[in-house]
Amino acid sequence: MDAIRGEFRTVTVACAPRAAAFTPQEWARAEAVVRDALAQRPAGVRRQVVLFVRVLDALSFLRFGKGLARLDPVRARRLLGSLERSPLLLLRRGTWGLRTLAFMGVYGQAGVRREIGYGATLRGWEARGGPMGPWPERAGAAPAEHPDA
């Protein structure tokens, strides 16, 4: 994580703007969450994450003339947005995987969850006073299935 700290912070702020106001302690907690999650994965997966961030850094330089760590959030979001819709599956998966790690680092912190009103609980819908049942029995119907799924 240390080798890609600046790049990962740029991605995190692009994905979760709340991170732009992180204190050094919040950044340390975010990085610890991600480091712990990656520590549970094989070494090859950790290397792939670092390699993918380096690919993003190179693409950023080619597209904007500066590395990923030096991009403003608007340009970083533009770069990530173009890659998440790439015809290359590997780029799409890498972008969404990195975004997931960024979300884990931000929303994996109790203080941030409280701040945004996130209240997930093991009691599920029951905790919110809703019925316990499959999707159609809840407050709304399940989202429509994608025809290509």
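What follows is a look at one helix pair and its surroundings. How do the axes of helix α2 and helix α5 cross, and which residues make the contact?

A: First, the ground rules. This is a predicted model, in which local features need pLDDT of at least 70 and side-chain atom pairs count only at pLDDT 80 or more, while totals for chains, interfaces and linings use all residues. Residues are numbered from 1 along each chain as its sequence is written, and side-chain values use heavy atoms, with hydrogens and water left out.

Now the setting. The chain has six helices and zero strands. Helices (H or I, at least four residues) and strands (E, at least two) are DSSP runs, numbered from the N terminus. Along the sequence the pattern reads α-α-α-α-α-α. Of the 149 residues, 32% count as buried. Buried means under 20% relative accessible area, exposed means over 50%, and partly exposed lies in between (1.4 Å probe, protein chains only).

Next, the pair itself. Two packed helices are described by the angle between their axes and the distance between the axes. Helix α2 covers residues 24-39 and helix α5 covers residues 89-107. Their axes come within 7 Å and cross at roughly 130°. Axes are lines fitted to C-alpha atoms, for helices over the stretch in contact, and angles run from 0 to 180 degrees between N-to-C directions. α2 and α5 are therefore oblique to each other. Angles under 35 degrees count as roughly parallel, over 145 as roughly antiparallel, 65 to 115 as roughly perpendicular and the rest as oblique.

Which residues touch? From α2 come Ala30, Val33, Val34, Ala37 and Leu38. From α5 come Leu101, Met104 and Gly105. Contact means heavy atoms within 4.5 Å. The residues of this contact divide into seven nonpolar, one polar and no charged. Ala, Val, Leu, Ile, Met, Phe, Trp, Tyr, Cys and Pro count as nonpolar, Asp, Glu, Lys and Arg as charged, and the others, Gly among them, as polar.

One more residue of α2 deserves a look. Alanine 28 lies in this helix. At 44% relative accessibility, alanine 28 counts as partly exposed. Its C-alpha atom is separated by 9.4 Å from that of glycine 105, which is 77 residues apart along the chain.

Helix α1 (residues 5-15) is mostly covered, with eight of its eleven residues buried. Among the buried ones are Phe8, Val11 and Cys15. The cover includes α2, α3 (43-64), α4 (73-84) and α5.
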